[in-house]
Amino acid sequence: MATVAAPPTRPIRVLLVDDQTLVRMGFRMVLDAQDGIEVAGEAADGRIGIDMCRTLAPDVVLMDVRMPDTDGIAATRRIVEECPQSRVIVLTTFDLDEYAFAALRAGASGFLLKDVGPAELLASIRAVAGGDAAISSRVSRRMLDLFSQRLPSGPPSGGDEAVAALTPRELEILSAIAGGLTNTEIAERMFVAESTVKTHVGRILMKLGLRDRVHAVIFAYEHGLTGHRRPD
């Protein structure tokens, strides 16, 4: 009996947006060497990146945050609004770059340092293309520390109805996400299957109207949900 070959999987299409030619060349060399990923185009500033995103509809945009003309924050915000099929990973040189945090608030789904290794870069692109989020392991804890210092830990300033819709288990998982735990770590802590955690995470994002885990972290800190109890 003849075996029917599975249809080929469409490659992940990546748009590179950075004002430094050598940086774009370096990322292109890494990406071009990978099966299942292709560089859809390159842009030297945010304005061109926005235009190319509209035209090319890439799956993932690697976005520098510090660029002349239209910077990565403004470009990210426009892309999130106008190209919902595209996910943005912001790139920064410093792990406490205020521009990068602003870009996350603007809707970016990932945050990586420019000196990220090929393995982490590729894993982040694949994660974001699959609907997850990506934050460099070197900066995730610093990001959480920064939020904990700057955002309130008391009663939420808004979104009460959405928070009230969360079950106690969902609140517990949201708190764990805000603490930087992966689905595997949450599953181990709660003695449940990882698939169960993924289901809960999906429901949390849907109920709160969030794009991914990055924005779940931001939401949790903004609304005082870093503990396991429901706010008063």
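The following paragraphs lead through a predicted protein model, from the whole chain to a few of its parts.

Residues are numbered from 1 along each chain as its sequence is written, and side-chain values use heavy atoms, with hydrogens and water left out. Because the model is predicted, local features need pLDDT of at least 70 and side-chain atom pairs count only at pLDDT 80 or more, while totals for chains, interfaces and linings use all residues.

The protein chain contains 11 helices and 6 strands. Here helices (H or I, at least four residues) and strands (E, at least two) are DSSP runs, numbered from the N terminus. Of the 232 residues in the chain, 48% are buried. A residue is called buried under 20% relative accessible area, exposed over 50%, and partly exposed in between, with a 1.4 Å probe and protein chains only. A contact means heavy atoms within 4.5 Å. Among the contacts in the chain with a separation of 6 or more, 69% are between residues 24 or more positions apart.

Strands are said to pair if DSSP finds at least two bridges between them. β3 runs parallel to β1, and 4 bridges join the two. It also runs parallel to strand β4 (residues 87-92), to which 5 bridges join it. V60 illustrates both pairings: V14 stands opposite V60, and the bridge partner of V60 in β4 is R87.

Beyond its neighbours within four places in sequence, D64 is in contact with V17, D18, D19, G72, L91 and K114. Some of its interactions are polar contacts, that is, pairs of N or O atoms within 3.5 Å; within protein, one atom must be able to donate a hydrogen and the other to accept it, and residues adjacent in sequence count only if both atoms are side-chain atoms. The side chain of D64 reaches the backbone nitrogen of R66 at 3.5 Å, and the side chain of K114 makes a polar contact with the side chain of D64 at 3.3 Å. K114 itself is placed in the loop between β5 (110-113) and α5 (118-129). Leaving aside neighbours within four places in sequence, K114 is in contact with D18, Q20, V23, F27, D64, L91, T92 and T93.

Several of these residues return in the description of empty space inside the model. Rolling a probe the size of a water molecule over the atoms shows where empty space is left. On a 1 Å grid over the protein atoms alone, a cavity is a set of points where a 1.4 Å probe fits but cannot get out, and lining residues have an atom within 4 Å of a point. Grid points are joined across faces, edges and corners, and a volume is the space filled by probe spheres set on the points. There is 1 cavity of 30 Å³ or more, and the largest cavity holds about 30 Å³ of space. Its lining consists of L16, V17, D18, V23, R24, F27, L62 and L91. The elements that give two or more residues to this lining are β1 and α1 (21-32), and the largest share, 3 residues, comes from α1.

Helix α2 (residues 46-56) is the next element to consider. Its residues G46, G49, I50, M52 and C53 are buried. An α-helix has 3.6 residues a turn, so residues three or four places apart point the same way. The buried residues of α2 pack against β1 (12-17), β2 (37-43), β3 (60-64) and α3 (72-82). T55 also lies in α2, but with a relative accessible area of 64% T55 is exposed. At the start of the helix, a side-chain oxygen of D45 reaches to within 2.9 Å of the backbone nitrogen of R47. After α2 comes A57, whose phi is positive, near 50°.

Finally, helix α8 (residues 168-178) is mostly covered, with 8 of its 11 residues buried. These are E170, L171, I173, L174, S175, A176, I177 and A178. The helix is followed by G180, whose phi is positive, near 90°.

Key
1 Å grid on protein atoms, 1.4 Å probe; cavity = no way out; pocket = protein on both sides within 12 Å on 5 of 7 lines; lining within 4 Å.
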